[in-house]
Amino acid sequence: MRNNNKYIDLSHGSGGRATHQLIETIFKKHFNNSFLKQNNDNACLTFSSERLVISTDSHVVSPLFFPGGDIGSLAVNGTVNDVAMSGAKPLYLSAAFILEEGFPLADLERIVISMARSAEIAGVDIVCGDTKVVERGNADGVYINTTGVGSVENHINISGDCAQPGDTILINGSLGDHGIAVMAHRENLSFTTSIQSDCAALNDLVSHMVSAVPDIHCLRDPTRGGLATTLNELAQQSQVGMRISESQFIIKPQVSAACELLGLDPLYVANEGKLLCICPPHRATELLKVMRDHPLGKESSIIGEVTDDPHHIVEMKTKFGGARVVDWL
């Protein structure tokens with residue numbers, strides 16, 4: 001880089017030679033594809049007659065690197081999953097970086113390599129982007145915004161307002177892995193068994209699910225606010241209630257122990273590789289088998305049902321046989 005500088009400085013955000021060098025030596029080097037090679041301020045994309053799906057998300061996390069992932073894999077997988085939750089096939093991503101003066105270039109390249117690897121696994125191209133630099137102390141190292149674009153077939157209608165009383169609720173694995181992995185690493189907590197983030201792109205799993213059961217009603221990834229908040233969102237959108245069973249979903253012992261230590265409820269802890277699915281009850285068994293046959297759904301389970309409730313309450317049957325309201329975060 002310019003003057004053998006190993007850190008981001010304000011000139012990298014000026015739009016001049018230093019910016020050009022940063023783009024050429026880090027971003028284009030690892031996000032290499034035909035769209036970026038055109039060197040335009042836009043990407044001209046080709047679509048079929050299917051419907052367009054678009055989602056955008058900004059990513060901030062501390063620490064930037066954590067067991068099982070980093071802000072780069074989080075940025076790619078999080079947006080890929082948001083597009084996939086409509087039943088769509090994610091195709092393209094944009095990536096915008098807010099960099100802090102003094103941020104190590106080696107860490108930036110490590111993040112970019114992680115994003116490139118995650119995009120390759122998810123089968124998407126990062127086709128355009130932007131870089132800005134702010135003064136030292138005005139950002140937490142790096143913030144990343146990603147926008148995802150995909151297409152969905154016209155006969156697929158998966159939306160948060162489609163849940164119906166009697167529907168079955170499924171999830172593809174254990175709760176709280178991501179949030180606890182980040183917090184445990186941040187607080188220097190150690191456990192006999194390490195806690196790894198579940199950060200993963202779910203679009204391939206969704207593709208198998210939709211192919212087998214195209215009449216899925218809802219898909220949603222329970223990220224910030226966890227399972228509890230996501231269920232309340234869906235209940236409000238669909239104007240229904242939800243009833244779940246505590247004995248039916250998985251919380252790993254080390255996650256449970258960390259939550260107890262930190263005073264957290266795992267129902268409200270973030271996930272980055274999990275999805276909630278709501279489907280007609282007569283398709284639930286078939287769908288569960290499809291999910292369990294996929295590497296990202298081996299621990300899938302049926303956790304509850306949709307109820308006809310004018311108050312849109314989410315209720316949980318506890319392991320002790322009682323019931324509790326599961327409210328918003």
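**View 1. S73 sits in helix α3, residues 71-84.** Helices here are DSSP runs of H or I with at least four residues, strands are runs of E with at least two, and both are numbered from the N terminus. With a relative accessibility of 7%, S73 counts as buried; the cut-offs are under 20% relative accessible area for buried, over 50% for exposed, and partly exposed in between, using a 1.4 Å probe and protein chains only. Skip the neighbours within four places in sequence, and S73 is in contact with G78, S114, S118 and C199, where contact means heavy atoms within 4.5 Å. This is a predicted model, in which local features need pLDDT of at least 70 and side-chain atom pairs count only at pLDDT 80 or more, while totals for chains, interfaces and linings use all residues. Residues are numbered from 1 along each chain as its sequence is written, and side-chain values use heavy atoms, with hydrogens and water left out.

**View 2. Here is the protein as a whole, with nine helices and 13 strands.** Its radius of gyration is 21 Å, close to the 20 Å that the globule rule gives for 329 residues, so the protein is as compact as a globular protein of that length. That radius is taken over C-alpha atoms, and the rule is 2.2 Å times the number of residues to the power 0.38. Along the principal axes, the C-alpha atoms fill a box of roughly 65 × 50 × 35 Å. Of the 329 residues, 53% count as buried.

**View 3. The largest nonpolar core has 35 residues, and F97, L108, M115 and V142 touch the most other members.** Such a core is a set of buried Ala, Val, Leu, Ile, Met, Phe, Trp, Tyr and Cys residues joined through side-chain atoms within 4.5 Å. At least two core residues come from each of α1 (17-30), β2 (65-66), α3, β4 (89-100), α4 (105-122), β5 (125-134) and β6 (142-152). The largest share, seven residues, belongs to α4. Leaving out neighbours within four places in sequence, L108 is in contact with I8, L22, I26, F27, F97, L99 and F103.

**View 4. R243 and E305 meet through their side chains in a salt bridge (2.9 Å, N to O).** E305 is in strand β11 (residues 301-307) and R243 in strand β9 (residues 241-245), so this pair ties together parts that are 62 residues apart in sequence. A salt bridge means a side-chain nitrogen of Lys or Arg within 4 Å of a carboxyl oxygen of Asp or Glu. The side chain of R243 also meets that of E315 in a salt bridge (3.6 Å, N to O). This second pair links distant parts of the chain, with E315 in strand β12 (residues 314-317) and R243 in strand β9, 72 residues apart. E305 is partly exposed at 36% relative accessible area, R243 is partly exposed at 36%, and E315 is partly exposed at 31%.

**View 5. K289 and D293 pair up in a salt bridge (3.0 Å, N to O) between their side chains.** K289 is exposed, with a relative accessible area of 54%, and D293 is exposed, at 57%. Elsewhere, salt bridges that share partners join D215, R283 and E286 into one network. The whole structure has 12 salt bridges.
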